[in-house]
Structures are given as structure tokens and as C-alpha cells.
Amino acid sequence: MSWLHRAATLLAAAGLLLTAALPASAAPGPNSPGKGAEHEHFASHPLRVMPQAVNTAPTGLSPAAIQKAYSFPTSAAAGAGKTIAIVDAYNDPTIASDLAAFTAQYGLPGCTTANVCFTKVNQTGGTKYPKSDSGWSLEIALDVEWAHAVAPGAKILLVEANSASFTDLMAAEDNASAHAQYVSNSWGAAEFSGEASSDTHFARPGVSFFASAGDQGAPATYPSSSPNVISVGGTKLNLDSTGAVASETGWASSGGGCSAYETAGPAQAAFGQYTQLNCAGKRATPDVPLDADPASGVSLYDSTSYNGRTGWFTVGGTSASSPMWAARAADTGALVNASYVYGSSVAFRDILIGNKGNPCLTGEDLVTGRGSWDG
């Protein structure tokens, strides 16, 4: 699987990353099925955490920095009238207060249950939440806070699956798409025979679906490889002293590749640059990227202890790029599907430098897809 190995905590002095990607198939977590679940599939989340000496202040990129880098809307009403659903596993018990701390730090509009901006439910829409998991709580904080950062006028619906099993996550997906126009999925697993039978969970009229492409390079992962989702890879932002983009390069760990099982959707297959990917009619991932390298990571706030730490974290991974793409889509109010992405509705910044086994190319490639949304 693309995110098979969860890294041990590494010495910060060595300048190495911590990864929160739990090998869900090997250690599914507190609520996962036990004996008899041999044929179940389990997801992990592609999240990378930068070492920090203290967590009392943000050190990663701010919402304003991302808005400037990509010329995203700056209006506090961006995304108004739309709902972004976040699908993750397990419960984050502090997400409401953490979101409040994040919005206060960056002067964003409040997003609370009281003002009906933020709602948290379990996979069936109820309020009996699953058990907590520190890694998934950090993931949830990233997804919720950065969906709000990019679309501060949109409502946020967090749907927490009982476990990281595909059975539970697909139930959460169905609940999410029934109540939102945009659904972000920062999780995935190795591709498997028969995965196409799950594609229906990512198909509902009027709903745009997004999925992280993963953080371990090739091969493609699922559900990123479903032709029904927009697969989101990763880049590294290099900013100058004014905060302007000096360059943007393909992140060496950005997930992607030619699917082993899925056929390219009509819009991708008909796209003029698809043939240069040499996928022979198979689905190619990712479709698009945004900033994901933890070296240019974003800030988040999480008061649920993660590896003994609470407070501000600098994080990256395609876990960050997926909710940001979903939120930018919500800003448009349009149905952002494959036809939209492979059409002429998005102003793309073509990413020409980077290699993760597959090189960045002029036009579409298996590192950054068509390029970053720039505008």
C-alpha cells in the first residue's frame, strides 16, 4: 500500500519528518473489525509533521500566505451558501475548540455549532461519536481548519467514521455526500482488485469529490484512483521575501501513477496530453496538486495530544492539498468534476520541475497532474 509504513519518531536534530500515517491494514485502530476481517480494507491518512521545539505559536504558512501564493479569493464570504464535508476516521474530541483557536489566530470568521457553520456527526449522522485516535485527530484538525481557511463563508460538515475500515468510511462518505456539495477525503490505501465496485460511493449528482493522492510516490492508491474523484497530489512552494511565489516544484513524495484496475474517465482519456503519461487507457493520478511538502507546510492547531505534543503544528502531505482544493472548488459554487478540471474553467500553473520516479512534464504528468489552481 502507498502509505504502508508509519515512521517511528525521528530525532528532530536530524531534520527528519514525523509521519502520522498509520498502517491501517496492519494496525486498524481501536474500533476496527478484528478476527474475521481478513477481506476488509483499511485506510491511512497521508499527513507529514515537521519537528518543532515548541508548539506555542504557528510557524507554518498562514491562510493569507496560501491565498497570496495561489491568488485565491480573500473575501470572508468566499464559499457562502455551500457545504464542504470532511470524511475521516475516529473522533477528534477537541475539533470545535481547535477550530475556534485557529480562526482567532488568523482573523477568520467564526465557525461554530452555534452559528450553524460547523457540524460534527458520526457515519450515520448521529452524535454518538467513535473512539478517539491521536493521529486521525491531527488529520481532522488539518482538514477542517484548512477547508475553512480557503472557503471561510462555507459551512463545514465533519463526518467521523467508526474506524478506518473501508466499510465504515464508505458509510461516512454516503452520509457526507447526501448533505454537502463538496467532499474531501484525506485517506487512502493500496489499490485492490474489485475496487471499482466502491466507485459508486463517489458518485452523486451535483457533488464534487476530492481525494489525496498519497505521500509515498507511485503507485496509485484508492480512492484517489477512482475516476469519480479529483485526485490531489502535492507540490513545494518556494516563496520570496515578499511572500510571492518564486517557484513551485513537484513534491518528491507526491502520490500518483497509472491505476492497476481503473479505466481513465472520458474527460481524462480525451485530454490532449493524456497519451504522454503512457497509462494505456488506465486512470492516471493525480489530476491536480497544491502545496503539500512539509518544508513549505501549513499551520494547524490541535489540542488533542499527538506524540506528547499539543498546540501549533507545521504539517504537509496531500492531506493538506485535498481539503484546500475542495474549498477552492466551493468558492466557485460550480460542480468541479473531471469535465471541469480537464476543461478550460481553471487557470493552472504548470509544474515543470520535480521527479518522484515519474518526472514533471510540460502539461499533464504523474506528479502534479495538470498543475496548481492559480486564481
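Numbered in sequence order, the bonded cysteines of this chain pair 1-2, 3-4. A search of the whole structure, which is a predicted model, turns up two disulfides. Around them is a chain of 375 residues, 58% of them buried, with seven helices and 18 strands.

**Disulfides and cysteines**

- As a reminder, a disulfide is a covalent bond between the sulfur atoms of two cysteines.
- One of the pairs is Cys111 with Cys117, whose sulfur atoms are 2.0 Å apart. Both of these cysteines are buried.
- The S-S torsion of Cys111 and Cys117 is about -85 degrees, so this disulfide is left-handed.
- Cys258 and Cys279 are also joined by a disulfide, with an S to S distance of 2.0 Å. Its torsion is about -75 degrees, so the disulfide between Cys258 and Cys279 is left-handed.
- This pair links distant parts of the chain, 21 residues apart: Cys258 belongs to strand β12 (residues 257-263), while Cys279 is in the loop between α5 (266-270) and β13 (282-285).
- The two ends of that bond can be told apart by their accessibility. Cys258 has 30% relative accessibility, so it counts as partly exposed, whereas Cys279 has 4% and therefore counts as buried.
- Cys360 is buried, because its relative accessible area is 9%, under the 20% cut-off.

- In soluble globular proteins, nonpolar side chains tend to be buried together.
- The largest nonpolar core here holds 56 residues, and those with the most contacts inside it are Ile66, Ile84, Val144, Trp146, Phe210 and Trp325. Helix α3 (residues 134-150) gives the largest share of this core, nine residues.
- A second, separate core has 27 residues, among them Ala85, Val121, Phe202 and Phe209.
- Setting aside residues up to four places away in sequence, Ile66 touches Leu61, Phe72, Trp146, Leu237, Asp291, Val298 and Met324.
- Of the contacts in the chain with a separation of 6 or more, 77% are between residues 24 or more positions apart.
- The accessible surface of the chain is about 13,000 Å², and carbon and sulfur atoms account for 55% of it.

**Helix α1**

- Helix α1 covers residues 63-70, and its buried residues are Pro63, Ile66, Gln67, Ala69 and Tyr70. They sit on the same side of α1, because they cover an arc of only 165 degrees around the axis.
- Ser71 follows α1 and has a positive phi, near 55 degrees.

**A buried aspartate**

- Asp365 is in the loop between β17 (348-349) and β18 (372-373). With a relative accessible area of 0%, Asp365 is buried.
- A polar atom of the Asp365 side chain lies 2.9 Å from the backbone nitrogen of Val367.
- Beyond its neighbours within four places in sequence, Asp365 is in contact with Leu277, Pro286, Ile351, Pro359 and Cys360. Cys360, as noted above, is itself buried.

**Backbone features to look for**

- Most residues other than glycine have a negative phi, and most peptide bonds are trans.
- The peptide bond from Ala218 to Pro219 is cis, with omega near 5 degrees. Pro219 is in the loop between β8 (208-212) and β9 (221-222).
- The bond from Tyr222 to Pro223 is cis too, with omega near 15 degrees. Pro223 is in the loop between β9 and β10 (230-239).
- Tyr90 has a positive phi, near 70 degrees. You can find Tyr90 in the loop between β3 (83-89) and α2 (95-106), and at 0% relative accessibility it counts as buried.
- Asn278 also has a positive phi, near 60 degrees, and is in the loop between α5 and β13. At 66% relative accessibility, Asn278 counts as exposed.

Notes. Residues are numbered from 1 along each chain as its sequence is written. This is a predicted model: local features need pLDDT of at least 70, side-chain atom pairs count only at pLDDT 80 or more; totals for chains, interfaces and linings use all residues. Side-chain values use heavy atoms; hydrogens and water are left out. A nonpolar core is a set of buried Ala, Val, Leu, Ile, Met, Phe, Trp, Tyr and Cys residues joined through side-chain atoms within 4.5 Å. Buried means under 20% relative accessible area, exposed over 50%, partly exposed in between (1.4 Å probe, protein chains only). Helices (H or I, at least four residues) and strands (E, at least two) are DSSP runs, numbered from the N terminus. Contact means heavy atoms within 4.5 Å. Accessible areas come from the Shrake-Rupley method with a 1.4 Å probe; for residues, only the protein chains shown count as cover. The arc is that of the directions from the helix axis to the C-beta atoms. A disulfide is a pair of cysteine sulfur atoms within 2.5 Å. A polar contact is a pair of N or O atoms within 3.5 Å; within protein, one must be able to donate a hydrogen and the other to accept it, and residues adjacent in sequence count only if both atoms are side-chain atoms.
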